[in-house]
Amino acid sequence: MMPAIRAKASGKTAFVNVRLLDPATGLDQTGGLLIQDGVIIDLGPSVNRDTVPADCRIIEGEGRCLAPGLVDMRVQLREPGFEHQETIETAGKSAATGGVTTMVALPNTDPVIDDVAGVEFVARRARKVGLAKVFVYGAVSKGIEGREITEMGLLHQAGAVAFCDGVKTIASPRLLRQALSYATFFDGMIVQHPEEPELSRGDMNSGELATRLGLSGISPLAEVIQIERDIRLAEMTGGRLHFSHISTAESVSVIRKAKKRGLKITCDTAPFYFALNENAVSDYRTFAKLAPPLRSEDDRQAIVMGLVDGTIDTIASDHNPQDQDSKRLPFAQAAAGGVGLETLLPITLELYHNGHMSLLEAIGKITIAPATLMKLTGHGTLKPGSSADIVVFDPDRPSKIDPYKFQSKSKNSPFDGRLIQGMVLRTLIDGREVFTHTSCIEGS
């Protein structure tokens, strides 16, 4: 796979006196973790200052949490073609700051990732940058134009881990049926952006607030109608179908029923949809203009419950960088989307702080759950033998989100000014420390 050829840290490093969190194994225990040549070789209570090798670099954890590096399965890197909004390097720095060690990039670049050359370009650039590990989606249709299917088998062999048309809905039932059927030959997964194109034209969620603001509304039915149609196609073909960033109560209900029937249906949501509602756009805040749009409070609560009961499998940042010229426009003309790599962890931790999930359960939604779904073996876990992709964080440290301090090239966060709990202190990839918070530099 793409990130295989990478420089790894040499020598031994031990973290001691940390709270080890590994949702893959259910581990939640105080102890230590030992790394050798970029690989985890031991962890648990037996790893401490008295037991580690004499030539080992020791990092005192002071009781902070140590977990697998985050796996973000929906990121727009913008390179090639839109480097004024983001690059693989700036996204890598943003990811490292947010504790994200693995990203899966959407194919809606220029040129589109619809052939082997596109997959190989991203792989080469990511290795050269040497920050977060980058996998890619292959496009379902050539040029993501929704007309002709790509050579999905060749893209899969080249390293594409799943298939989608970026932020475009696969509107043609014929094309989606063909893709689902084709992907069954190698157990590939088709990822759908579930917004019925004709019904999703508008500015924000339809309802009283949209009417009061004089903005055109997008009905929640635009999402669930697309989902209901596509579930039928998945049932017909036996294919694996995943719905991205679901945002409505009806969608949760329909997907829950499909799963109970044993269909190969999965889904994710983004922090926007369980932490914010449509009121975030009340002052015509274009940073809160998203696709799908922020929904009602009832929908937000349903998304939380869908995460709690497992209907929603994973959380993805839905990192969608937009430059200021695209956002600082009248609401109807502004581009949709928000950045999310550096807020993925603290906003997910709100599920823990608000009592909806245990800390281990919340971390699982952004580590082992997406890694398993995308078949990224060895990612999202602290198991010995795995690459030392690690995040150390303080789940309780308070701060205030300031997008202008982000490492991302774009600053369009709907969480601007939000008070949060949870701070990334260190990020390691293959045992290399790629981010260290200023409070950890002395004495490390």
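Helices (H or I, at least four residues) and strands (E, at least two) are DSSP runs, numbered from the N terminus. This is a predicted model, in which local features need pLDDT of at least 70, side-chain atom pairs count only at pLDDT 80 or more, and totals for chains, interfaces and linings use all residues. Residues are numbered from 1 along each chain as its sequence is written, and side-chain values use heavy atoms, with hydrogens and water left out.

**Stop 1: helix α9**

Select residues 297-308, helix α9. Its 12 residues should span 16 Å at 1.5 Å a residue; the expected span is 1.5 Å times one less than the number of residues. The end C-alpha atoms are 17 Å apart, which agrees. Step past the helix to G310, where phi is positive, near 90 degrees.

Now colour D299, A302, I303, V304, G306 and L307, the buried residues of α9. Buried means under 20% relative accessible area, exposed over 50%, and partly exposed in between (1.4 Å probe, protein chains only). Show the cover over these residues: it includes α7 (249-260), β14 (265-269), α8 (271-275), β15 (314-315) and α11 (344-353). Contact here means heavy atoms within 4.5 Å.

**Stop 2**

Move to α11. Eight of its 10 residues are buried, so the helix is largely enclosed by the rest of the structure. Select L344, L345, P346, I347, T348, L349, E350 and L351 to see the buried residues. Just after α11, G355 has a positive phi of about 85 degrees.

Next, pick L359 in helix α12 (residues 359-364). L359 counts as buried, at 2% relative accessibility. Leaving out residues up to four places away in sequence, L359 touches R19, L21, C65, L349 and Y352.

**Stop 3: aromatic pairs**

Show the rings. Rings of Phe, Tyr and Trp (its six-membered ring) pair if their centres lie within 6.5 Å; planes under 30 degrees apart count as stacked, over 60 as edge-to-face and the rest as tilted. By this rule the count comes to four aromatic pairs. One of them joins Y182 and F186, edge-to-face, at 6.2 Å centre to centre and 75 degrees between the planes. Y182 is partly exposed at 27% relative accessible area, whereas F186 is buried at 18%. Then select F272 and Y273, another edge-to-face pair, 6.1 Å centre to centre with 85 degrees between the planes. F272 and Y273 are both buried.

**Stop 4: the pockets**

A pocket is an open set of points on a 1 Å grid over the protein atoms alone, where a 1.4 Å probe fits, with protein on both sides within 12 Å along at least five of seven lines; lining residues have an atom within 4 Å of a point. The largest pocket holds about 470 Å³. Select T97, E342, S399, F406 and M423, the closest to its centre of the 19 lining residues. α11, β16 (390-400) and β17 (419-429) each give two or more residues to this lining. β17 gives the most, with four.

Finish at the second largest pocket, with a volume of about 380 Å³. Of its 21 lining residues, V167, T169, H193, E195 and S200 lie nearest the centre.

Conventions
Points joined across faces, edges and corners; volume = space filled by probe spheres on them.
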